[in-house]
Amino acid sequence: MATEDIQISGTEEAAEADSSAAATRTYPVAPGHRVNVRSGPGTHYSIVRTLPEGASVPIYCQRPGDSVSGPYGTTSLWDCIANAQYVSDAYVKTGSDGYVAPRCS
């Protein structure tokens with residue numbers, strides 16, 4: 001009986017992990033643009049990499065920063081796509097002019 005409990009518990013944990021991974025939504029970068037990924041929410045931060053055309057990115061959190069004009073308007077909202085990696089929301093199609101993810105802490 002104890003063995004069954006462990007197997008069920010392990011299965012439930014695996015299902016929750018799969019559910020969390022599936023819940024991470026990605027958003028497309030503006031078509032025809034290679035977008036700089038910066039170490040912070042502004043153009044004065046260093047470029048850590050460049051996203052290729054056709055990329056999609058997860059948005060883990062968002063924060064205000066430098067104002068940028070791009071294909072999706074002018075905004076001071078920056079999207080955190082990985083640890084210390086930000087792109088301007090002006091280049092990401094979120095379907096909103098506001099926050100679509102929690103504020104970065």
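Strand β5 (residues 61-70) and strand β6 (residues 73-82) are paired in the antiparallel sense over seven bridges; two strands pair if DSSP finds at least two bridges between them. The two strands, β5 and β6, form a hairpin with two residues between them. Within this pairing, glycine 70 stands opposite glycine 73 in β6.

The model is predicted: local features need pLDDT of at least 70, side-chain atom pairs count only at pLDDT 80 or more, and totals for chains, interfaces and linings use all residues. Residues are numbered from 1 along each chain as its sequence is written, and side-chain values use heavy atoms, with hydrogens and water left out.

The protein has one helix and seven strands. Helices (H or I, at least four residues) and strands (E, at least two) are DSSP runs, numbered from the N terminus. In order from the N terminus, the elements run α-β-β-β-β-β-β-β. The protein comprises 105 residues, of which 31% count as buried. Buried means under 20% relative accessible area, exposed over 50%, and partly exposed in between (1.4 Å probe, protein chains only). The accessible surface of the protein is about 6400 Å², and 49% of this surface belongs to carbon and sulfur atoms. Accessible areas come from the Shrake-Rupley method with a 1.4 Å probe; for residues, only the protein chains shown count as cover. Of the contacts between residues at least 6 apart in sequence, 46% join residues at least 24 apart, where contact means heavy atoms within 4.5 Å.

Two residues were examined individually. Glutamine 85 is located in strand β7. With a relative accessible area of 18%, glutamine 85 is buried. Its side chain is joined to that of arginine 49 by a polar contact of 2.7 Å. A polar contact is a pair of N or O atoms within 3.5 Å; within protein, one must be able to donate a hydrogen and the other to accept it, and residues adjacent in sequence count only if both atoms are side-chain atoms. When residues up to four places away in sequence are not counted, glutamine 85 touches Val37, Arg38, Val48, Arg49, Asp79 and Cys80.

Lysine 93 lies in the segment after β7 (85-88). Lysine 93 counts as partly exposed because its relative accessibility is 49%. Apart from neighbours within four places in sequence, lysine 93 is in contact with Tyr27, Pro28 and Tyr72. The C-alpha atoms of lysine 93 and proline 71 are separated by 9.0 Å, the two residues being 22 residues apart along the chain.
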